[in-house]
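Subject: Structure handover

Hi,

Here is the structure we spoke about. Please have a look at it before you read on.

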Amino acid sequence: MAEWGAHHIRQSTREATMAFWDQLKAKTTELSAQLKTKSDQFRNKEFANASMAMCALIAAADGRIDPSERQKTAALIMSNDTLAVFPPDELREKFDWYCSKLESDFDFGKVEATATIAKLKAKQDQARAVIQIGIIIGGADGFFDDDEKAVVRSAAHAVGINPAEFDL
């Protein structure tokens with residue numbers, strides 16, 4: 001009798017675990033679909049430009065862009081799901097363009113990149129996505145430093161979002 005009880009408990013536990021995994025898989029599929037839907041909604045030049053401006057600002061957050069940082073950031077851009085709706089060559093070209101602006105005259109490049117991001121002020125969902133991309137790129141190496149946080153805070157202000165919303 002005790003053997004039947006133990007078997008019944010194991011069976012119930014297994015069924016509960018399977019139900020949990022089924023729910024988890026369903027939720028993951030749903031979130032992936034929502035992300036894909038959002039990505040499709042963001043398929044426009046302003047969002048792509050603002051995203052690349054943000055990535056360049058993160059790469060140059062300390063006032064300079066070393067080649068390894070530029071390469072690492074470019075690789076992260078190519079692996080970002082939200083940016084996957086854009087042709088990689090176009091993203092790379094735009095990222096390099098903003099990096100070049102920042103390298104030739106950091107202050108002017110920063111103003112230009114921030115102004116590009118500010119164009120999303122009327123599109124708050126896209127603006128938030130760009131801020132999130134900045135946080136993801138900035139923290140990809142495991143350390144989101146003060147310079148990177150300052151760049152993201154500045155971008156958040158440019159689009160009318162309180163940086164505290166992102167714990168900045």
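Predicted model: local features only at pLDDT ≥ 70, side-chain atom pairs only at ≥ 80, totals over all residues.

Helix H5 first. H5 covers residues 106–118, 13 residues in total. From its first C-alpha to its last, H5 reaches 18 Å. That is close to the 18 Å expected at 1.5 Å a residue.

Which residues of H5 are buried? They are Gly109, Ala113, Thr114, Thr116 and Ile117. These residues lie on the same side of H5, because they cover an arc of only 155° around the axis. As background, an α-helix has 3.6 residues a turn, so residues three or four places apart point the same way. Asp107 and Val111 sit on the other side of H5, and both are exposed.

What do the buried residues of H5 pack against? Four helices are listed here: H2 (45–59), H4 (88–104), H6 (124–139) and H7 (146–158).

Thr114 lies in H5. Its relative accessible area is 17%, under the 20% cut-off, so Thr114 counts as buried. Leaving aside neighbours within four places in sequence, Thr114 is in contact with Leu57, Ser154 and Ala158.

Now the loop. Asn44 lies between helix H1 (2–41) and H2. Asn44 touches Phe86 and Gln126, not counting residues up to four places away in sequence. Asn44 and Phe86 are 42 residues apart in sequence. In space, C-alpha to C-alpha, Asn44 and Phe86 are 8.7 Å apart.

Best wishes

Methods:
Residues numbered from 1 in each chain as written. Heavy atoms only, no water. Helix = DSSP H or I, 4+ residues; strand = E, 2+ residues; numbered from the N terminus. Expected span 1.5 Å × (residues − 1). Buried < 20%, exposed > 50% of the residue type's maximum accessible area, 1.4 Å probe, protein only. Arc of directions from axis to C-beta. Contact = heavy atoms within 4.5 Å.
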